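Have the model open beside you, try each task, and then follow the solution.

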Amino acid sequence: MRLGINLGYWGAGMDADNLAVAREADRLGYAVCWAAEAYGSDAATVLAWVAAQTERIDVGSAIFQIPARTPAMTAMTAATLDSLSGGRFRLGLGVSGPQVSEGWYGVRFDKPLARTREYVEIIRKAMARERLTHEGENWTLPLPGGPGKPIKLTVHPVREHIPLYIAAIGPKNLEQTGEIADGALLVFFAPEHAEATTLSAIRAGREKAGKSLDGFDLVPTVPLAVGEDIDALADVFRPYTALYVGGMGSAKQNFYNKLAQRMGYEKEAAEIQEKYLAGDKEGAAAAVPRELIDSTTLLGPVERIADRMRAYAEAGVTTLSLSPSGFTLEERVAGLRAGVEALERAGLA
């Protein structure tokens, strides 16, 4: 099992620290550094900046938002980043959510699975440097009745195949991801619930494509906090968990809330959401079960974290992307180093 680092969103006042974290992860031998985007900083610019100042670590989008770019533009960006980084780019994609898709990009959040499948098909063609033609529900290339003609990418990517990942949570999305992608980007992944919530669906998708899970990169992002007081460390992630389970999406459409329900927290998930959407964020955080936090994070001294890393590896995780807690560079770097130490103690390095 390899380690990754997830920098999250850029532009939150810790940009210099983020770069230092990426460079330290590179020095420590981490496999990949991921960057995210929502409606602030874009991930492509951040990844170019990080790639220019690191040597070995891969850089990956977690995620490029599908409503933000045409598929051909995403293919251009992927090919460019792969070229500039010397073959170190990983392309992560996701549909985002209805609020961002419709409120920020003006793109209807309808039929996300079909849109994702079509998007990936076009990207694959473009990056293979085929003359680009496509007739689908969302895109037609070239547009009929006009001057457009089939053209192909002029940039030669360093690699013939750039790894493509999809951020997936729901069963249908997970199944499709197993079918059409090289890896899955996951959050709130609990090893104890991996088969029921994640692996069975991905395996079904792989079987549709005539493949097994061999070679498929399972990549959860896992918050990490090192220390002796487990309860206090868990409390650090209460607002984070409450935000996703209670406040991401609407009352009718919250993928993270549904995931918590599938993990057996139906009553708790409903309470968290009710309080969060009513404006009681503190109450929502207090309602998050300690067990939910503990099963989806890495908490405690290095020895305990090593034990949990073994559980992730046994559940099929191939790249464990860490998100170290802390507001200072020193705290985050300490988390990076603890991750390496725990991996070694677990016998997984």
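Predicted model: local features only at pLDDT ≥ 70, side-chain atom pairs only at ≥ 80, totals over all residues.

**Exercise 1. A helix and its surroundings**

Which residues of helix α9 (residues 238-247) are buried?

Numbering starts from 1 along each chain as its sequence is written, and side-chain values use heavy atoms, with hydrogens and water left out.

Solution. 
- Step 1: Helices (H or I, at least four residues) and strands (E, at least two) are DSSP runs, numbered from the N terminus. Buried means under 20% relative accessible area, exposed over 50%, and partly exposed in between, with a 1.4 Å probe and protein chains only.
- Step 2: pick out the residues. Arg238, Thr241, Ala242, Tyr244, Val245 and Gly246 are buried in α9.
- Step 3: find their neighbours, taking contact as heavy atoms within 4.5 Å. The buried residues of α9 pack against α8 (230-236), α10 (255-262), α11 (266-277), α12 (281-286) and α13 (290-295).

**Exercise 2. Two partners of α5**

Describe how helix α5 (residues 112-127) packs against helix α3 (residues 71-84), and then how α5 packs with helix α6 (residues 171-180).

Solution. 
- Step 1: set up the geometry. Axes are lines fitted to C-alpha atoms, for helices over the stretch in contact, and angles run from 0 to 180 degrees between N-to-C directions. Angles under 35 degrees count as roughly parallel, over 145 as roughly antiparallel, 65 to 115 as roughly perpendicular and the rest as oblique.
- Step 2: take α3. The axes of α3 and α5 come within 8 Å and cross at roughly 45 degrees. This makes α3 oblique to α5.
- Step 3: assign the hand. A crossing is right-handed if the near helix is turned clockwise from the far one by less than a right angle, and left-handed if anticlockwise. The crossing of α3 and α5 is right-handed.
- Step 4: list the contacts. From α3, Pro71, Ala72, Thr74, Ala75 and Ala78 meet Tyr119, Ile122, Ile123, Ala126 and Met127 of α5. By class, this contact has nine nonpolar residues, one polar and no charged. Here Ala, Val, Leu, Ile, Met, Phe, Trp, Tyr, Cys and Pro count as nonpolar, Asp, Glu, Lys and Arg as charged, and the others, Gly among them, as polar.
- Step 5: turn to α6. The axes of α5 and α6 lie 11 Å apart, at an angle of about 15 degrees. That makes α5 roughly parallel to α6.
- Step 6: finish the second contact. Leu113, Thr116, Arg117, Val120 and Arg124 in α5 meet Lys172, Asn173, Gln176, Glu179 and Ile180 in α6. These residues divide into three nonpolar, three polar and four charged.

**Exercise 3. Strand β1**

With which strands does β1 (residues 2-6) pair, counting a pair if DSSP finds at least two bridges?

Solution. 
- Step 1: β1 pairs with β12 (residues 319-324) in the parallel sense over four bridges. Here Gly4 has Ser321 as its bridge partner.
- Step 2: β1 also pairs with β2 (residues 32-35), in the parallel sense over three bridges. In this case Ile5 has Cys33 as its bridge partner.

**Exercise 4. Backbone details in loops**

Which peptide bonds are cis at Ile63 and Pro142, and what is phi at Lys111 and Phe188?

Solution. 
- Step 1: the Ala62 to Ile63 bond is cis, with omega near 15 degrees. Ile63 is in the loop between β3 (58-61) and β4 (64-65).
- Step 2: the Leu141 to Pro142 bond is cis, with omega near -10 degrees. Pro142 lies in the loop between β7 (140-141) and β8 (164-167).
- Step 3: Lys111 has phi near 45 degrees, a positive value in a residue other than glycine. Lys111 is exposed, with a relative accessible area of 52%.
- Step 4: Phe188 has phi near 50 degrees, again positive. Phe188 counts as buried, at 8% relative accessibility.

Key. Pairing = 2+ DSSP bridges.
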